[in-house]
Amino acid sequence: WEKPVAPGLVYRMEVDLKAPRVVHALRFSRGAPGLELRPELAQGTVYGREDDKKGREPLSAIAESNKALAAVNGDFFPWTGDPLGAMVRNGELVSKPFKGRAAFGWGPQFAGAMKLEWTAEIDGPGVGPMPIQGLNEECGPNQVVLNTGWAGGATGSRESLQIVLDWPEPLAPVTARSAQVVTVVESAARIPVGRSQSVVTANGTAAQRLKALKKGDTVKIKVQTTGVDWEKVDSVVAGGPMLVLGGKAVDESKTEGFGIEFSNRRHPRTAIGATLEGDVWLVVIEGRQPMSSGATIGETAKIMADLGCSSAINLDGGGSSQLWIRGMTANRPSDGSERPIANALLVLAPEFTVSSSKVVVKGQAQVAVGQATDLSVVDERGNRVPNSQIV
């Protein structure tokens with residue numbers, strides 16, 4: 001069952017009574033005038049408000065604050081606002097790749113699955129080249145982490161060394177840049193990061209080496225993200241495992257570090273894939289419900305291949321799986337309510353307005369299994385709403 005939502009965006013629903021399984025999907029046509037597919041962080045930063053959500057928020061809140069037309073949930077997360085894998089937003093690197101796991105990228109000339117590799121280093125007076133282990137994430141023992149304005153805050157232990165850099169330009173996936181040290185803060189667990197700044201956070205032995213830097217010094221930051229032609233890709237979201245390659249269903253759960261319980265049992269799933277024609281499928285499979293048991297990774301891969309995907313990857317699932325469209329959640333989240341998530345995929349249509357008129361569904365209240373009935377939708381004046389306008 002398919003329904004046009006806007007020029008270039010179609011909602012699709014599949015019901016398999018034997019499984020049982022309900023699939024919700026959006027087909028996004030890249031290049032459709034006025035439409036944009038964009039990954040977006042919850043609360044606009046990795047580390048947002050200091051509350052129990054720790055930078056996360058429900059999909060509906062992310063969609064509504066960005067005035068989206070439709071949305072699905074994004075990457076896995078460690079119960080903070082930090083996506084576990086790669087995220088690139090409008091050509092700017094927000095989160096580094098998770099080593100060995102699948103990602104999905106798109107741009108004016110390309111859409112498809114990939115695996116990315118990431119390295120970074122810092123060099124400065126009295127320091128010498130040092131590896132950077134993280135990007136916009138909490139700094140662990142003896143580590144160095146680069147935090148850009150997307151982090152919101154530079155976070156580590158109470159003994160962390162925080163080096164604030166003047167950094168007015170976006171961080172591209174491949175970057176080699178010099179920056180001036182604005183200030184050095186010792187023994188600070190967290191400091192804010194401005195949009196025109198970057199903060200290098202270091203702990204333990206790494207902090208001892210970087211203490212040689214002082215205000216006014218010039219440091220060099222080098223970042224390398226490989227695995228795709230960045231001339232063709234300006235957006236990336238990650239997850240895993242890979243589901244479709246060369247138009248054929250695959251299961252790379254084991255090689256990407258996912259366990260049997262995750263892969264071989266039916267769960268709610270979210271996935272993204274691309275067709276040879278360049279369309280992008282955003283898919284949510286309902287699970288842990290009487291009318292929909294969910295899907296294994298193998299079954300999810302087959303669903304994506306059957307939709308015509310030439311490549312596809314799995315995204316976060318379980319209680320995070322959700323498809324939001326024109327102000328409503330199309331599926332039933334398995335937690336019973338929306339789960340706060342770290343990032344999302346939004347379909348934006350600035351020229352498209354969503355009607356807020358109230359409607360009433362008329363017809364028989366209950367229908368027995370195997371029977372059918374007719375329903376109608378009427379507006380506030382009692383006029384029947386055409387089926388073409390109903391999702």
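Helices (H or I, at least four residues) and strands (E, at least two) are DSSP runs here, numbered from the N terminus. Counted that way, the chain comes to 4 helices and 30 strands. What you're looking at is a predicted model, so local features need pLDDT of at least 70 and side-chain atom pairs count only at pLDDT 80 or more, while totals for chains, interfaces and linings use all residues. Residues are numbered from 1 along each chain as its sequence is written, and side-chain values use heavy atoms, with hydrogens and water left out.

Let's start with the overall picture. The C-alpha trace spans about 80 × 45 × 40 Å along its principal axes. The radius of gyration, taken over C-alpha atoms, can be set against a globule rule of 2.2 Å times the number of residues to the power 0.38. For 391 residues a compact globule would come out near 21 Å, and the 23 Å of this chain agrees with that. Buried residues (under 20% relative accessible area; exposed is over 50%, partly exposed in between, with a 1.4 Å probe and protein chains only) make up 53% of the 391 residues. As for contacts (heavy atoms within 4.5 Å), take those with a separation of 6 or more: 71% of them are between residues 24 or more positions apart.

Now for the sheets. Strands of a sheet pair through backbone hydrogen bonds, either parallel or antiparallel; the rule used here is that two strands pair if DSSP finds at least two bridges between them.

While we're here, have a look at Ser311 in strand 25. Ser311 has 9% relative accessibility and counts as buried. Setting aside neighbours within four places in sequence, Ser311 is in contact with Phe104, Gly112, Ala113, Val244, Gly273 and Ala274. The side chain of Ser311 also reaches the backbone nitrogen of Ala113 at 3.0 Å. That's a polar contact: a pair of N or O atoms within 3.5 Å where, within protein, one must be able to donate a hydrogen and the other to accept it, and residues adjacent in sequence count only if both atoms are side-chain atoms.

A second open sheet has 5 strands, ordered 4-28-5-26-27 with antiparallel pairing. Strand 4 (36-41) and strand 27 (328-329) are the edge strands, each pairing on one side only. Inside, 3 bridges join strand 5 (residues 70-73) to strand 26 (residues 323-325) in the antiparallel sense, and Val72 stands opposite Leu323 in strand 26.

Strand 16 (residues 175-185) is another one to trace. Strand 16 pairs antiparallel with strand 15 (residues 161-166) over 4 bridges, where Ile163 faces Val184 in strand 16. Strand 16 is also joined to strand 19 (residues 218-226) by 6 bridges, again antiparallel, and there Ala176 stands opposite Lys222 in strand 19.

Finally, the charges. A salt bridge is a side-chain nitrogen of Lys or Arg within 4 Å of a carboxyl oxygen of Asp or Glu, and by this rule there are 19 salt bridges. Arg12 and Glu14 meet in one of them at 2.8 Å, N to O; Arg12 is partly exposed at 24%, and Glu14 is partly exposed at 27%. Both belong to a network of salt bridges that links Glu2, Arg12, Glu14, Arg27 and Asp279. Glu40 and Arg38 also pair, at 2.9 Å, but here Glu40 is buried at 4% and Arg38 is buried at 12%. Then there's Arg266 with Glu299, whose closest N and O atoms are 2.9 Å apart. This pair links distant parts of the chain, 33 residues apart: Arg266 is in the loop between helix 3 (260-264) and strand 23 (269-275), and Glu299 is in helix 4 (residues 297-306). Arg266 is partly exposed at 32%, as is Glu299 at 23%.
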